[in-house]
Amino acid sequence: MVDEASVDLYAVLGVSRQSKDIEIRRAYRNLITREHPDKGGDAQRFTLIQRAYDVLGNDSKRKQYDATGRMEKTVDEEFMDSFGGGAFRDKARQQREDRESMAEQLTVRQTEEFQSHTSGFEAWMRSRGDSVKTFTADNAAEQFGVVKSSYEAVPLPSIRAYQARVKQVGKPAKESLELVCEPIPQALEWGEVLVSVRAAPVNPADLFDVKTGGNVGGDPLKTPFIGGNDGVGVIVKVGPGVKNLQENDWVLPFVPHLGTWRSLAVLREKDTLKIPVDLMPIEYAAMSRELCVAYRLLEDHGDLKPGDTVILNSANSTVGQVVIQLCHLLKLRSVAVVRDLGSMDKVGPWLKTLGASEVLADTGSLKKELEKNKYFAKPKLGLDCVGGQSAVRLADTLDDSAPLVIYGCMSGRAPSWPWSQWVFKQMQVRGFNLRKWMKSNKKKIPAMMESIAKLVNADKLRVTHTEYELGTEFDEALDHAMEEGRSTKILLKVKDIGVTY
């Protein structure tokens, strides 16, 4: 790759520093036609020509470059540089690292190095999976507890805090939930913190928990339990044994089912994720899990290039809105699929203002609808959070071997495909769960959050949301959250934490 910082941009375009705007523009047009990769030009030089004109064709950027010799980057450009390891910065995708072929593996595995005791031990460790773990003081304390006489608990004030509590499952949410005032614990024990919840969204997964008891694949939650999986809070007090948190720190839930629909919560430090204070507006911090889901879906799947198409259902959801806007920033095209509840005349134009190339109703054959609209670029990535026939419709539009990533199932129905779809279209279906990704990639979280925050703070990412006060407007918030066709995120804000006694 050419180091752009060391290149004379005027020389790239073949003009002098005294050249007028029209001379720079004409030089750019001549070069961009002659050097295009489709006409045999070099992809790197083509990219450099575009970068040179991006700077010299803009008055403010040119002045900055003339004064400093450096190229000023916008928030969009910084995002393009960081996203996907910089792959979207260039118009041509960087080549991926070569994988060992099977023949190479068979040869290498027979060498003396791979017959050594060390290699054999490493293979044995991998074969044991998760059964071999490093034993530390922290997980010893987690497994066996800490003797109470060895530390001094931190007393807490006598406060009855608001809680949206699930008293029973299997019934409509309005019958299952109740808003109560319950005393917080009297003291913080080892490794605990007191968190003041500032904002918490009402997500489809939360309502699924209310209806079913949650915990897919495991035992259901025992009633009564407090609703809510996501949100943002501020540390009020820290207990003994807490190492990395202090008062006024911002935290997010790191594990599910912490019960964020409440004003005060006593949580374990290890179950929280610290983020920089004022990283982004508190409303967006509360919705950060969905922002991160959208980010990861595009960065980790599809091997996408500018100009490629992404198709997604439930496109008016929070994740859908963010995916569409990220696609627009990355110069990807997006096909937004939504349920037709009689408001397509409003939803369609709104999604197009966010950057959607096409908006389709989630019914019939999406493939035929795209052909009817003369949209012939087959999607290289499908994103499904609905399941059932909606997922089948998405998969039908995809290019051969293009992945369909399933990150939710709002319909409650698993999709199924004929064998021919798997064999002849070489269909790929993957699952994605953000919490599992975060658990395995904790060191990558800060950079991802910072990248998202820059876009939010620069107003490049916007999510429609409606706020309600937890202590006084919970019923109204719940009614709004259960409305069909809703295109706004419901947020529970907390100003009143409860009452003292």
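Student: Which residues of α16 are buried?

Tutor: They are Gly 388, Ser 390, Ala 391, Val 392, Arg 393, Leu 394, Ala 395 and Thr 397. Keep in mind that this is a predicted model. Helix α16 spans residues 388-397 and is mostly covered, with 8 of its 10 residues buried.

Student: What do the buried residues of α16 pack against?

Tutor: They pack against the strands β11, β12, β14 and β15, and also against the helices α15 (366-372) and α17 (419-424).

Student: In what order do the strands of the open sheet come?

Tutor: The order is β13-β12-β11-β14-β15-β16, an open sheet of 6 strands with parallel pairing. Its edge strands are β13 (358-361) and β16 (428-431), each of which pairs on one side only. On average, neighbouring strands of this sheet are turned by 20° against each other, direction ignored.

Student: How many bridges join β15 to β16?

Tutor: There are 4 bridges between β15, residues 403-406, and β16, and the two strands run parallel. Ile 406 stands opposite Gly 431 in β16.

Student: Which strands does helix α12 lie across?

Tutor: Helix α12, residues 288-300, lies across β11 (309-312), β14 (381-384), β15 and β16. It runs at about 150° to β14. Helix α14, residues 344-354, lies across β12 (333-338) and β13, and runs at about 150° to β13.

Student: Changing topic: how many disulfides does a search of the whole structure find?

Tutor: The search finds 0 disulfides.

Student: Is Cys 292 buried or exposed?

Tutor: Cys 292 counts as buried, because its relative accessibility is 2% and the cut-off for buried is under 20%. Cys 327 also counts as buried, at 0% relative accessibility.

Student: And aromatics? How many aromatic pairs does the search find?

Tutor: It finds 6 aromatic pairs in the whole structure. One of them is Tyr 10 with Tyr 65: the ring centres are 6.1 Å apart and the planes are at 40°, so the pair is tilted.

Student: Where do Tyr 10 and Tyr 65 lie?

Tutor: Tyr 10 lies in helix α1, residues 9-13, and Tyr 65 in helix α4, residues 59-68, so the pair ties together parts that are 55 residues apart in sequence. Tyr 10 is buried, with a relative accessible area of 1%. Tyr 65 is buried as well, at 5%.

Student: What about Tyr 151 and Trp 190, how far is it centre to centre?

Tutor: It is 5.5 Å centre to centre, with 55° between the planes, and this aromatic pair is tilted. The pair links distant parts of the chain, 39 residues apart. Tyr 151 is in the loop between α8 (137-144) and β1 (154-155), and Trp 190 is in the loop between β4 (187-188) and β5 (192-202).

Student: Is Trp 190 buried or partly exposed?

Tutor: Trp 190 is partly exposed, with a relative accessible area of 40%, whereas Tyr 151 is buried, at 14%.

Student: Which ring does the charged end of Arg 160 sit over?

Tutor: The charged end of Arg 160 sits over the ring of Tyr 501, 4.7 Å from its centre. Likewise, the charged end of Lys 442 sits over the ring of Phe 254, 4.5 Å from its centre.

Student: What is the phi of Asn 248?

Tutor: Asn 248 has a positive phi of about 80°, although it is not a glycine. Asn 248 is in the loop between β7 (232-238) and β8 (250-253), and counts as exposed at 55% relative accessibility.

Student: And where does Ser 314 lie?

Tutor: Ser 314 lies in the loop between β11 and α13 (318-329). Its phi is near 50°, a positive value in a residue other than glycine. Ser 314 is buried, with a relative accessible area of 12%.

Student: Last one: how many helices and strands does the chain have?

Tutor: The chain has 20 helices and 19 strands. Of its 501 residues, 46% count as buried. Of the contacts in the chain with a separation of 6 or more, 69% are accounted for by residues 24 or more positions apart.

How values were computed
Residues numbered from 1 in each chain as written. Predicted model: local features only at pLDDT ≥ 70, side-chain atom pairs only at ≥ 80, totals over all residues. Heavy atoms only, no water. Disulfide = S-S within 2.5 Å. Buried < 20%, exposed > 50% of the residue type's maximum accessible area, 1.4 Å probe, protein only. Pairing = 2+ DSSP bridges. Axes fitted to C-alpha atoms, helices over the stretch in contact; angles between N-to-C directions. Contact = heavy atoms within 4.5 Å. Phe/Tyr/Trp six-rings, centres within 6.5 Å; stacked < 30°, edge-to-face > 60°. Lys NZ or Arg CZ within 6 Å of the ring centre and 35° of its normal.
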